[in-house]
Amino acid sequence: MSTAGKVIKCKAAVLWELKKPFSIEEVEVAPPKAHEVRIKMVATGICRSDDHVVSGNLLWPLPVILGHEAAGIVESVGEGVTSVKPGDKVIPLFNPQCGKCKVCKHPEGNVCLKSSLQQPQGTLLDGTSRFTCRGKPINHFIHTSTFCQYTVVDEMAVVKIDAASPLEKVCLIGCGFTTGYGSAVKVAKVTQGSTCAVFGLGGVGLSVIMGCKAAGASRIIGVDINKGKFAKAKEVGATECINPQDYNKPIEEVLKELSDGGVDFSFEVIGRLDTMLSALLCCQNSYGVSVIVGVPPDSQNLSMNPMLLLTGRIWKGGVFGGFKSKDSVPKLVADFMAKRFSLDPLITNVLPFEKINEGFELLRSGKSIRTVLTF
């Protein structure tokens with residue numbers, strides 16, 4: 001029996017309050033309006049950015065259905081949708097690409113002007129929600145809301161991928177892998193034979209290492225206070241790993257000594273102000289490039305001495321690895337299918353969707369890299 005055009009009742013993980021567990025609820029998911037797509041979720045990853053909302057570090061209107069790294073199958077489409085059809089395998093795009101705005105038309109820009117990353121907004125483009133629970137509208141999260149058996153997205157926030165791709169793996173291309181890998185190959189533009197330092201060895205940090213290796217870096221130094229993450233970092237390409245707690249001097253000093261005066265490229269993949277500064281300080285003062293990848297805490301400022309930049313350092317950031325989402329996600333999936341990179345090292349746990357709270361505990365305790373929830 002077709003569900004197209006009808007309200008679907010299904011399970012979702014709703015966050016009602018900050019710092020509280022998710023509540024598995026029955027929600028009603030309205031059919032897609034014009035230029036919208038309803039997707040049946042197959043797999044979704046648990047990303048630190050979701051946890052930043054739970055902790056209050058990333059401000060978002062509540063109640064909300066979080067989740068933004070996922071893959072699924074189109075259930076139905078609204079009027080005027082041309083890029084996907086029911087039955088297509090797709091990845092929802094938290095960083096959409098409308099294709100028409102100034103940023104989308106710029107060769108280097110990738111944070112679309114219609115993106116809710118520009119202005120947090122708990123709705124679809126038309127200003128309304130497709131989710132209802134206990135008679136109340138529930139907010140959407142960055143165009144995706146994948147912690148739900150069905151979600152509705154704007155057409156600009158979904159892209160068709162290879163029909164043969166394993167969704168429980170390629171879901172990571174929807175955020176973590178692409179964010180890290182692109183930060184190295186596209187944002188920093190890591191060069192052959194260079195020395196890189198990567199702060200934070202979670203799923204995104206490991207993906208940065210994979211990108212540095214693919215770009216031909218000769219030394220890749222992993223930095224983390226959790227030594228349990230070192231073996232995996234070396235497995236994906238780190239040449240050495242260090243723990244700041246093993247030294248009685250600032251980690252940037254240690255890195256400068258290790259790299260004969262400063263690394264060529266550094267990456268902050270944690271989202272802390274102190275490590276952002278350390279990452280900047282550890283790179284070579286005349287030509288070093290430091291990239292902010294981790295999401296910083298809301299409304300906090302960092303003070304730094306501009307002399308650090310005057311000598312020639314470059315300090316930059318990037319969302320989604322600098323990639324234009326609609327253009328790049330299908331290509332990255334094709335590269336995965338062609339075995340140009342593996343996602344297996346990043347997936348440490350696979351749990352049924354109902355165990356989402358357990359998955360978040362694994363993330364917070366540092367016991368998992370990526371937990372994938374399956375529906």
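This report describes the fold, the cores and some local features of a predicted protein model.

## Basis

Residue numbers start at 1 and follow each chain as its sequence is written. In this predicted model, local features need pLDDT of at least 70 and side-chain atom pairs count only at pLDDT 80 or more, while totals for chains, interfaces and linings use all residues; side-chain values use heavy atoms, without hydrogens and water.

## Overall form

The protein chain holds 11 helices and 17 strands (DSSP runs, H or I of at least four residues for helices and E of at least two for strands, numbered from the N terminus). Its radius of gyration is 20 Å, close to the 21 Å of the globule rule for 375 residues, so the chain is as compact as a globular protein of that length. That radius is taken over C-alpha atoms, and the rule is 2.2 Å times the number of residues to the power 0.38. The C-alpha trace spans about 65 × 40 × 40 Å along its principal axes.

Of the 375 residues, 55% are buried (under 20% relative accessible area; exposed is over 50%, and partly exposed lies in between, with a 1.4 Å probe and protein chains only). Among contacts with a separation of 6 or more, 71% join residues 24 or more positions apart; contact means heavy atoms within 4.5 Å.

## Nonpolar cores

A nonpolar core is a set of buried Ala, Val, Leu, Ile, Met, Phe, Trp, Tyr and Cys residues joined through side-chain atoms within 4.5 Å. The largest one has 88 residues, and Phe147, Ile173, Phe177, Val190 and Phe267 have the most contacts inside it. Helix H5 (residues 203-214) gives the most to this core, with 6 residues. A second, separate core has 12 residues, including Ala197, Ile221, Val263 and Cys283.

Beyond its neighbours within four places in sequence, Ile173 is in contact with several residues, among them Ile91, Phe320 and Leu343.

## Local features

Ser183 belongs to helix H4 (residues 176-188) and is buried, at 0% relative accessible area. Leaving aside neighbours within four places in sequence, its contacts include Val208, Phe267 and Gly321.

Most residues other than glycine have a negative phi, and most peptide bonds are trans. The peptide bond from Leu62 to Pro63 is cis, with omega near -10 degrees; Pro63 sits in the loop between helix H1 (48-55) and strand S4 (69-77). Asp260 has a positive phi, near 55 degrees, and is exposed at 74% relative accessibility. Phe320 has a positive phi near 55 degrees but is buried, with a relative accessible area of 2%.
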